[in-house]
Amino acid sequence: MFARILVPLDGSPLAEAILPEVVDLATLHGAEVLLLRVALVHAIPGVDQTEAQVRAVEEAEAYLAEIERRLAAQGLPVRGAVRYGRAVEEILDHVQSQRADLIAMSTHGRSGIRRFMLGSVAEAVVRAAPVPVLLLRGRTLAVRQEAGVPATPRPRPAELAAPSIHHILCPVDFSEPSERAMEYAGDLAQQFGADLTVLHVVYDPLDITCSHIPHPPLEQLREEMVREAEHTLHGQVHRALRFLPRAKTAVVAGPPFRQIIRYAREHHVDLIVMGTQGLSGLDRLIMGSTAERVVRTAPCPVVSIRAAA
């Protein structure tokens, strides 16, 4: 399923937090890991620009060489590349030139902003990437982790008979992008031997009215909305995931982002797979609201799949 996984890094421990997930995926699929560091020096008065550029590239190359060594020691085929320019453009161009089929990146880094790239680089990559993007919310690290080695013991390549991904959650809104995400989640579930739950969230009419007073007509409307969604969801799952009889469905009512996070936490989900662009009529399905908030607060990695052009 994956032949080449592109991993953009910025030299920070938080950006490197994605590496354990990459090691698992690359080992399971026999994929090559493509490390990328983008170097860019801003003009500073009195500083030789050419010399600064050369130094930035050399430092980036030395950094990637060390990460390559550590990953190669785990038996992974790995290549590193340093590109000079702006992060988004260079990442997207590298995906195309290297024919990567997955981008894996953390959403925190060394910028002074709380979120590494989600508000800028990662969000822009998700919107434009021609391949799925695996996003991991950055966690505070008390001690710098070795590249590719997690803070706590977990199954390593030799023990992948018991893979670390046991339960995949795929939120859908009945749009074409979410159907693509569901099929992709089904493929991942097969690869990992994991359970798959396809979740649809209907807006609760009682929440919309902000009414805490019993309102029989609205309660009846909510029940009808849930029943209709269940019927539609069962049909879509039956068509798209006929090859995966273990796939389950769930319909809940409430604010989508909150319900997705609640379900993931309560049911010990290991991976969330969701589409971007959908029924909202915006350029991005839920990236500006639900999906972005899911990535920022999810208890597990999130795979974002852009709608087909």
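Analyst: Happy to. A definition comes first: a helix axis here is a line fitted to C-alpha atoms over the stretch in contact, and angles run from 0 to 180 degrees between N-to-C directions. Please keep in mind that this is a predicted model.

Two packed helices are described by the angle between their axes and the distance between the axes. For helix H9 (residues 256-266) and helix H10 (residues 290-297), the angle is about 35 degrees, and the axes are 9 Å apart. The crossing of H9 with H10 is right-handed.

Now to the residues that make this contact. H9 contributes Pro256, Phe257, Arg258, Ile260, Ile261 and Arg265, and on the H10 side they meet Thr290, Arg293, Val294 and Thr297. An α-helix has 3.6 residues a turn, so residues three or four places apart point the same way. That is a handy thought when you read the two lists against the model.

Staying with H10, let's turn to Ala291, which lies in this helix. Ala291 counts as buried because its relative accessibility is 3%, and the cut-off for buried is under 20%. Ala291 and Ser304 are 13 residues apart in sequence, with 8.3 Å between their C-alpha atoms.

H10 also has a part in the surroundings of another helix, H5 (residues 121-128). In H5, Val121, Ala122, Glu123, Val125 and Val126 are buried. These buried residues pack against H10, and also against helix H4 (87-98) and strands S4 (102-106), S5 (133-136), S9 (271-276) and S10 (302-306).

Stepping back to the whole chain, there are ten helices and ten strands. Of its 309 residues, 50% count as buried. Among contacts with a separation of 6 or more, 78% come from residues 24 or more positions apart.

Another ring, that of Tyr63, has the charged end of Arg37 sitting over it, 5.0 Å from the ring centre.

Terms used
Residues are numbered from 1 along each chain as its sequence is written. This is a predicted model: local features need pLDDT of at least 70, side-chain atom pairs count only at pLDDT 80 or more; totals for chains, interfaces and linings use all residues. Side-chain values use heavy atoms; hydrogens and water are left out. Helices (H or I, at least four residues) and strands (E, at least two) are DSSP runs, numbered from the N terminus. A crossing is left-handed if the near helix is turned anticlockwise from the far one by less than a right angle, and right-handed if clockwise. Contact means heavy atoms within 4.5 Å. A charge sits over a ring if NZ of Lys or CZ of Arg is within 6 Å of the ring centre and within 35 degrees of the ring normal. Buried means under 20% relative accessible area, exposed over 50%, partly exposed in between (1.4 Å probe, protein chains only).
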